[in-house]
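Reader: I have a model open and some questions about it. Can we go through them one by one?

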Amino acid sequence: MKILIADDSRVMRRIVTRTLRQAGYDDSDIVEAADGREAYDKVHTEEPDLVLSDWDMPRMSGLECLLALRSAGSAVPFGFVTAESSPDMRERAAEAGALFLVSKPFTEETFRDALDAVWSPRGDSDAPSARCSRAAAADHGREARGTTPLLPAAKEVRDLFTGLLGRPVTVRPGVPVTPAEDRPVSLAVYVDPHLAVTALCVMDPGLSAYVGGALALLPPGGTRDAVEEGGGLPAVLAEALHELVDVLSALLNPPGAPHSRLYKLYLPGQELPTDLATMAAAFHRLDLDVEVPGYGSGPLSLVLPA
């Protein structure tokens, strides 16, 4: 089987490939595309058996790619792998002809359930509409816990990091991470559809580098050297960190709540707006110490503004 993976993040393309191997699709031929336009072109030149596409990409989104393919007469099986998975997005994906939508973070079981439903016919129950329903049911999102963002449990944070980084991350109660002039941090800002801030994720520079290095599969020694040298995160670590905090939004989206998405990531050393620095000191928070095996540990805070 030939599978085309379309995502503007090299790190995420690597993670999807790794998860496919773990799910039992290790004999597949993997083709990559960095955006929807490239994916559209490669469907015609590479003739893949399946497309796994991100939703938001430059030049052409995943949805636009799918619609363009169908307009051009292509019936290639198409599924989404995306950090955003609101009911509206799932409905639009199904209406456009997508066979499933897997939301990040995902596991090998999530992929196996979604792909087996496509590639293991089981009679009428595996019609495309049923496949979408089964893949949605396989999506391992949290149970509803209300209609507004709530702080996740420490175990949920641990499981997300462990799944993404592919190593057994340890999470313990930690100290608050708050930005200060002498304490640079990375700060991810999440917003609702009206651009109101719903949550912040704050990490110290060390942990920011460690999770980025583990996600990008960089050597632990080189990652630790980057921390000791200071001067901000190298581009490859910054890209990986952005991917991680983007996926982290899944923990802030219980069913029925206004959808929260990553709006912006401020890297260590970048100037923070005063209002965000104030929000980061809010009382309603989850403070953790996160240890990434082989790399190091550091504090992380998830904060819900008052």
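Predicted model: local features only at pLDDT ≥ 70, side-chain atom pairs only at ≥ 80, totals over all residues.

Reader: Start with Ser53. Where is Ser53 placed?

Author: Ser53 belongs to strand E3, which covers residues 50-53.

Reader: Buried or exposed, that Ser53? And why?

Author: Buried, because its relative accessibility is 1% and the cut-off for buried is under 20%.

Reader: What does Ser53 touch, leaving out residues up to four places away in sequence?

Author: Its contacts are Ala6, Gly62, Phe78, Gly79, Phe80 and Val81.

Reader: On to the rings. How many aromatic pairs are there?

Author: Three. One of them is Phe78 with Phe80, which is edge-to-face, with 5.2 Å centre to centre and 65° between the planes.

Reader: Are Phe78 and Phe80 buried or exposed?

Author: Both Phe78 and Phe80 are buried. They also form one aromatic cluster with Trp55.

Reader: What about Phe106 and Phe111? Why is that pair tilted?

Author: The planes of Phe106 and Phe111 stand at 40°, so the pair counts as tilted; the ring centres are 4.7 Å apart. Phe106 and Phe111 are each buried.

Reader: Change of topic. What is the strand order in the open sheet of six strands?

Author: The order is E6-E10-E11-E8-E7-E9, and the pairing is antiparallel. Strand E6 (170-173) and strand E9 (261-266) are the edge strands, each pairing on one side only.

Reader: By how much are neighbouring strands turned against each other?

Author: On average by 25°, with direction ignored.

Reader: Take E7 and E9. How many bridges join them?

Author: Five bridges, with the two strands running antiparallel; E7 spans residues 186-191.

Reader: Which strands does helix H7 lie across?

Author: Helix H7 (residues 154-165) lies across E6, strand E10 (285-292) and strand E11 (296-303). H7 runs at about 35° to E10.

Reader: So which strand do I find under both helices?

Technical notes
Residues numbered from 1 in each chain as written. Heavy atoms only, no water. Helix = DSSP H or I, 4+ residues; strand = E, 2+ residues; numbered from the N terminus. Buried < 20%, exposed > 50% of the residue type's maximum accessible area, 1.4 Å probe, protein only. Contact = heavy atoms within 4.5 Å. Phe/Tyr/Trp six-rings, centres within 6.5 Å; stacked < 30°, edge-to-face > 60°. Pairing = 2+ DSSP bridges. Axes fitted to C-alpha atoms, helices over the stretch in contact; angles between N-to-C directions.
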